[in-house]
Amino acid sequence: MKKHIVFDFDGTLVDSVDVVVKVYNGLALKYKFNTLNSSDYRMMMNLSLKEKIKALNVPMRRVFLIKRFSQEFKNNYSVHLKSLRFFDGVVDVIKQLNEKGYTISIITSNSKANILEYMEHQEVSYFKQVMSSNGLFGKDKTLKKYMKDNQLHSSELMYIGDEVRDIQACKKKNVEVIAVTWGVDPREALVIERPDHLADEPKDILRILQSNL
């Protein structure tokens, strides 16, 4: 039986593609990386890390800058928090999950400080815990820590995310995953990774969880 429902943030709870691209491009000019538009960004998310580095014109001798770039990105992202909006219907679903007694949390590659500030600004207080994963591909380790901290078996957790890497992280830790199709990665790419469930609109999350009882 599921006890904890854990959401991704960007692309799952909020529509942040335009903000992500704007912040990235500002830093890309500084670091002399290739700039992106929204379509480029969505396409890039389906590439491997090595392919991303090549597409962004990051010389191998400068790969060490990625960690610094990532930290600056999170810091600059905070300036645009007030322009973010929840996807339609998402907050209502979260409210209903809370009323049903689920513990609701967030695991994200964004910073914890950004998420907490955004939730305070939006006056949304349903989330018990926010955890920031280490870099773009550290969610499996963060899932493991989350389960340990909350004394959970993997069968008691459902993760909800919008990207292929969310599905892959969950599979590594045997965590059931709902892939949402309104985020960054297209439905076709998500289907290839064979998530446990697909949600085409927020209310599908309630239906899926109800069928798991």
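The structure holds 9 aromatic pairs, where rings of Phe, Tyr and Trp (its six-membered ring) pair if their centres lie within 6.5 Å. This is a predicted model, in which local features need pLDDT of at least 70 and side-chain atom pairs count only at pLDDT 80 or more, whereas totals for chains, interfaces and linings use all residues. Residues are numbered from 1 along each chain as its sequence is written, and side-chain values use heavy atoms, with hydrogens and water left out.

Turn next to the open sheet, where 6 strands run in the order β5-β4-β1-β6-β7-β8 with parallel pairing; strands are DSSP runs of E with at least two residues, helices are runs of H or I with at least four, and both are numbered from the N terminus. Two strands pair if DSSP finds at least two bridges between them. At the edges you will find β5 (127-132) and β8 (197-199), each of which pairs on one side only. From one strand to the next the twist averages 25 degrees, with axes fitted as lines to C-alpha atoms and angles running from 0 to 180 degrees between N-to-C directions.

Now select β1 (residues 4-7), which is joined to the parallel strand β4 (residues 103-108) by 4 bridges, and look for Ile-5, whose bridge partner in β4 is Ile-104. β1 also pairs with β6 in the parallel sense, over 4 bridges, and here His-4 has Leu-157 as its bridge partner.

Moving on to β6 (residues 157-161), you will find 5 of its 5 residues buried, that is, under 20% relative accessible area with a 1.4 Å probe and protein chains only. Leu-157, Tyr-159 and Gly-161 cover one side, and Met-158 and Ile-160 the other. A further 4 bridges join β6 to the parallel strand β7 (residues 176-180), in which Ile-178 stands opposite Ile-160.

Helix α5 (residues 90-99) gives the largest share of the lining, 3 residues.

Key:
Phe/Tyr/Trp six-rings, centres within 6.5 Å; stacked < 30°, edge-to-face > 60°. Buried < 20%, exposed > 50% of the residue type's maximum accessible area, 1.4 Å probe, protein only.
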